[in-house]
Amino acid sequence: PLALGLYTVNAVYGDTITMPCRLEVPDGLMFGKWKYEMPNGSPVFIAFRSSTKKNVQYDDVPDYKDRLSLSENYTLSIKNARISDEKRFVCMLVTEDDVSEEPTIVKVFKQPSQPEILHQADFLETEKLQMLGECVARDSYPEGNVTWYRNGRVLQPVEEVVVINLQKIVDKSTGLFTMTSSLQYMPTKEDANAKFSCIVTYYGPSGQKTIQSEPVVFDVHYPTEKVTIQVLTQSSIIKEGDNITLKCSGNGNPPPQEFLFYIPGETEGIRSSDMYVMTDVRRNATGEYKCSLTDKSMMDSTTITVHYLDLQLTPSGEVTKQIGEALPVSCTISSSRNATVFWIKDNIRMQTSPSFSSLQYQDAGNYICETTLQEVEGLKKRKTLKLIVEGKPQIKMTKKTNTNKMSKTIVCHVEGFPKPAVQWTVTGSGSIINKAKETKYVNGKFSSKIVIAPEENVTLTCIAENQLERTVTSLNVSAISIPEYDEPEDRNDDNSEKVNDQAKLIVGIVVGLLLAALVAGVVYWLYVKKSKTASKHVDKDLGNIEENKKLEENNHKSET
């Protein structure tokens with residue numbers, strides 16, 4: 001044991017140890033010497049310096065060969081400090097009649113290497129005590145201490161939960177220590193992503209210091225506690241024809257790789273990976289879907305609604321009817337939610353649904369009943385009705401003398417579908433007139449017109465023929481010298497409506513005037529009649545007065 005209060009030199013392993021001789025140099029100094037003491041107290045001389053000859057001698061001590069240096073002031077230096085240099089050294093100054101000694105204690109320190117966590121577990125399992133790893137710090141002097149940390153907090157030993165075992169091994173050749181601390185640990189689910197590290201505490205020349213290892217994160221295995229089923233689709237709303245992917249997952253680590261999927265209509269679960277794919281789904285796929293672990297210990301469910309849209313158009317396709325017939329039309333919708341229905345005729349949207357109580361030629365066309373499902377993108381249905389309205393040719397002929405009095409215009413007004421072919425002939429001669437002009441065929445109607453200047457009376461025949469019938473109508477036309485009463489020429493529907501409206505207006509005005517005149521006449525007649533009656537009463541009253549006067553005169557004469 002070293003005595004307390006002695007002068008101490010702290011040296012770093014591998015550096016140079018410098019020990020001054022702390023004695024005053026006396027007069028008559030002959031020489032100075034350095035020695036160290038063995039554990040049993042016996043001295044070992046290592047250096048000598050004469051004060052007169054100025055020469056230095058180093059003793060033959062193997063541990064200090066080529067490592068010593070003694071200066072003129074008797075300061076001893078030892079290169080490449082070793083742990084074995086930690087001794088009690090003594091400086092001696094000798095005169096003829098005295099020997100002075102001053103001891104110096106040497107302390108050597110070695111910082112350990114940065115600790116490493118070795119033999120790490122591949123993974124940790126919850127509820128199981130297992131070796132997490134070993135924290136190793138090498139080449140320390142004096143020996144250090146090892147402490148384990150979890151997320152920056154000290155791990156204290158807990159029976160069957162945290163078990164720490166520290167071993168310190170010294171290298172006999174160097175005297176350096178290696179500290180190995182093993183950690184047995186029982187993890188929980190919360191240890192996932194936790195950072196484990198260790199710190200070595202050691203002593204250096206200036207006091208206590210620490211070195212920390214790099215943190216390590218372990219893969220913590222824990223059982224699944226909950227199963228979740230998900231529906232993976234491109235849209236949140238599923239419609240017929242879509243593909244559906246069901247994903248089942250467990251919250252364990254590692255996650256389960258196989259599951260049982262329960263499909264509506266299936267009594268047994270379907271074993272699959274974590275994905276189950278259904279393609280081109282139909283409405284019967286609507287229902288509750290479940291998945292569970294293969295041991296059926298846990299289960300989750302979800303409900304899927306497959307939206308659908310059906311459209312039934314009656315009648316549909318190409319339909320041929322006769323003019324004047326009735327045609328009931330219905331567009332029936334069956335859907336998973338409210339649907340919007342609209343009609344299109346010949347690429348123009350209709351305001352109301354078509355209804356035909358008496359078919360006309362203008363009712364013919366291409367009808368489309370189209371429907372879309374509200375809030376379901378891409379779900380749309382449409383069906384088409386191609387309506388053909390047929391009719392036998394109907395003919396009406398008109399004539400008029402043109403304003404120049406030099407010609408007459410004869411018009412054959414034709415209705416029918418398919419469009420009738422029109423031919424003009426002159427009755428009697430049978431000759432065919434080829435100079436007819438036709439108006440545009442619209443809504444089953446058109447006109448064929450010829451202009452003639454007959455020198456004598458003729459009869460013209462208009463023949464209209466289609467696949468249904470051949471219709472013939474004749475018209476007598478006087479010679480050009482005889483004016484014909486103008487007959488109105490058929491106009492298109494719009495003009496006809498305008499003419500009809502104007503005619504109705506004129507008739508209305510005339511009728512109104514006649515009614516006003518009639519009322520005025522009646523009032524005047526009543527007034528005249530009343531005036532005559534009053535005059536008669538006046539005359540009657542005047543006659544009665546005259547008669548009374550005559551009677552009074554006659555009575556007076558009688559009395560006389």
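Guide: Buried stands for under 20% relative accessible area, exposed for over 50%, and partly exposed for values in between, with a 1.4 Å probe and protein chains only. The model is predicted: local features need pLDDT of at least 70, side-chain atom pairs count only at pLDDT 80 or more, and totals for chains, interfaces and linings use all residues. Residues are numbered from 1 along each chain as its sequence is written, and side-chain values use heavy atoms, with hydrogens and water left out.

Visitor: How many disulfides does a search of the whole structure find?

Guide: The search finds five, where a disulfide is a pair of cysteine sulfur atoms within 2.5 Å. With bonded cysteines counted along the chain, the pattern is 1-2, 3-4, 5-6, 7-8, 9-10.

Visitor: Which cysteine is joined to cysteine 21?

Guide: Cysteine 21 is joined to cysteine 91, with an S to S distance of 1.9 Å. Cysteine 21 sits in the loop between β2 (17-19) and β3 (31-37) and cysteine 91 in strand β8 (residues 88-94), so the bond ties together parts 70 residues apart in sequence. Strands (E, at least two residues) are DSSP runs, numbered from the N terminus.

Visitor: Why is that disulfide called left-handed?

Guide: The torsion about the S-S bond of cysteine 21 and cysteine 91 is about -90 degrees, and the disulfide is therefore left-handed.

Visitor: And is cysteine 21 buried or exposed?

Guide: Cysteine 21 is buried, at a relative accessible area of 11%.

Visitor: Let us move on. What is the handedness of the link of cysteine 135 and cysteine 198?

Guide: That link is right-handed, with 75 degrees about the S-S bond. Cysteine 135 belongs to strand β12 (residues 130-140) and cysteine 198 to strand β17 (residues 195-204); the pair links distant parts of the chain, 63 residues apart. The S to S distance between cysteine 135 and cysteine 198 is 1.9 Å, and both cysteines are buried.

Visitor: Is cysteine 331 buried or partly exposed?

Guide: Cysteine 331 counts as partly exposed, at 22% relative accessibility, whereas cysteine 369 is buried at 0%.

Definitions and conventions
Helices (H or I, at least four residues) and strands (E, at least two) are DSSP runs, numbered from the N terminus.
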